[in-house]
Amino acid sequence: MIQKINEAANFIRNQVAELPNVAIILGTGLGELVNHIEIKKEIDYKDIPSMPVSTVEGHSGKLIFGNLGGRYVMAMQGRFHYYEGYDMKQVTFPVRVMKALGVDTLFVSNAAGGMNKEFRVGDIMIITDHINLFPENPLRGKNYDELGPRFPAMTEAYSHELIKMADDIASEKGIRVMHGVYVGTAGPTFETPAEYEYFRVIGGDAVGMSTVPEVIVANHAGMRVFGVSVITDLGGKDITDVPTHEEVQKAAVKAQPFMTEIIKELVGRL
Ligand code: HPA
């Protein structure tokens with residue numbers, strides 16, 4: 001595994017003039033952020049040794065290097081979901097490569113279903129913590145001490161300092177932001193009403209099918225993380241709305257300019 005990570009990192013190192021210490025996973029809600037990056041270099045996943053290739057919408061996915069908000073960053077356009085059939089090592093491989101390249105701060109976004117009764121469709125939720133309900137932990141198996149400790153703490157999986165900075169930015173700009181706990185599940189089914197209710201009762205505010213594996217590996221690697229969800233549908237005991245992929249996309253597009261604004265400003269202030 002170490003060899004694969006180093007091969008991929010070396011390949012990338014040879015393609016770019018400069019290495020970033022900030023990386024962004026452009027999940028749902030942040031796709032448009034790429035239009036704000038002054039692009040210096042793009043690398044297709046399919047050219048990177050050992051990099052999985054994404055299955056959705058015929059896009060192979062790419063890494064983008066460039067300036068955002070006055071800061072040099074790398075961005076992942078196209079992420080790997082467990083429900084697509086990738087194993088946890090594949091889902092989190094790019095995070096390991098980022099670390100090998102010197103990244104110490106990771107931004108992630110996703111779409112999520114809201115269980116918190118205060119939430120509305122289109123809300124932005126800053127992730128304060130998560131509950132891992134994936135069937136497997138990405139760190140299961142041999143631990144590579146050079147990558148991180150066997151039993152990593154997850155006490156501050158989402159950086160309190162970055163959350164505070166994002167709150168300040170949101171209030172300066174008059175953007176409504178909620179806070180909450182993200183429940184990560186395998187998918188690809190949306191939840192039954194009883195499951196949404198169960199996730200709320202155990203302390204979740206929103207549920208989605210990504211992010212948790214990447215955030216676990218980023219924490220293992222000692223990175224600080226900032227995560228944000230766009231609430232694309234609401235679920236609970238008495239909610240009979242049927243969530244669809246189209247509805248999720250539509251709500252995400254609505255929240256996108258605000259998510260973009262917060263992340264761009266946050267990256268600029270690091
Ligand atoms: N459940 C799980 N994942 C999701 C949802 C949901 O309701 N909405 C967007 N992603």
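The dialogue below goes through several features of this predicted model, one at a time.

User: What should I know about the numbering and the kind of model before I read any feature?

Analyst: Residues are numbered from 1 along each chain as its sequence is written, and side-chain values use heavy atoms, with hydrogens and water left out. This is a predicted model, in which local features need pLDDT of at least 70 and side-chain atom pairs count only at pLDDT 80 or more, while totals for chains, interfaces and linings use all residues.

User: How many residues are in the largest nonpolar core, and which of them touch the most other members?

Analyst: A nonpolar core is a set of buried Ala, Val, Leu, Ile, Met, Phe, Trp, Tyr and Cys residues joined through side-chain atoms within 4.5 Å; buried means under 20% relative accessible area, exposed over 50%, and partly exposed in between, with a 1.4 Å probe and protein chains only. Here the largest nonpolar core has 83 residues, and Ile 24, Met 98, Leu 106 and Phe 226 touch the most other members. Helix α6 (residues 245-269) gives the largest share of this core, eight residues, where helices (H or I, at least four residues) and strands (E, at least two) are DSSP runs numbered from the N terminus. A second, separate core has five residues, including Met 115, Val 183, Tyr 196 and Phe 199.

User: What does Phe 226 contact, leaving aside its neighbours within four places in sequence?

Analyst: Contact means heavy atoms within 4.5 Å. With those neighbours left aside, the contacts of Phe 226 are Leu 106, Phe 107, Val 108, Ile 126, Leu 162, Ile 163, Ala 166, Ile 263 and Leu 266.

User: At what angle do helix α2 and helix α5 pack?

Analyst: Two packed helices are described by the angle between their axes and the distance between the axes. Axes are lines fitted to C-alpha atoms, for helices over the stretch in contact, and angles run from 0 to 180 degrees between N-to-C directions. Helix α2 (residues 88-101) and helix α5 (residues 212-220) pack at about 50 degrees, with axes 9 Å apart. The two are therefore oblique to each other, given that angles under 35 degrees count as roughly parallel, over 145 as roughly antiparallel, 65 to 115 as roughly perpendicular and the rest as oblique. The crossing of α2 and α5 is right-handed; a crossing is left-handed if the near helix is turned anticlockwise from the far one by less than a right angle, and right-handed if clockwise.

User: Which residues meet where α2 packs on α5?

Analyst: From α2 come Met 88, Val 91, Thr 92, Val 95 and Arg 96, and they meet Pro 213, Glu 214, Val 217, Ala 218 and His 220 of α5. By class this contact has six nonpolar, two polar and two charged residues, where Ala, Val, Leu, Ile, Met, Phe, Trp, Tyr, Cys and Pro count as nonpolar, Asp, Glu, Lys and Arg as charged, and the others, Gly among them, as polar.

User: Is α5 mostly covered or mostly uncovered, and what do its buried residues pack against?

Analyst: Helix α5 is mostly covered, as nine of its nine residues are buried. These buried residues pack against β1, α2, β5 (105-114), β6 (124-132), β7 (177-184) and β9 (224-234).

User: Where is Gly 29, and what does Gly 29 touch?

Analyst: Gly 29 is in the loop between β1 (22-26) and β2 (38-44), and with a relative accessible area of 4% it is buried. Not counting residues up to four places away in sequence, Gly 29 touches Val 230, Ala 252, Gln 256, Met 259 and Thr 260.

User: Which backbone angles call for a second look?

Analyst: Most residues other than glycine have a negative phi, and most peptide bonds are trans. Ser 50 is not a glycine, yet has a positive phi of about 70 degrees; Ser 50 lies in the loop between β2 and β3 (62-68) and is partly exposed at 36% relative accessibility. Thr 211 also has a positive phi of about 70 degrees without being a glycine, but Thr 211 is buried, with a relative accessible area of 0%, in the loop between β8 (206-208) and α5. A cis peptide bond, with omega about 0 degrees, joins Gly 187 and Pro 188, and Pro 188 is in the loop between β7 and α4 (193-201).
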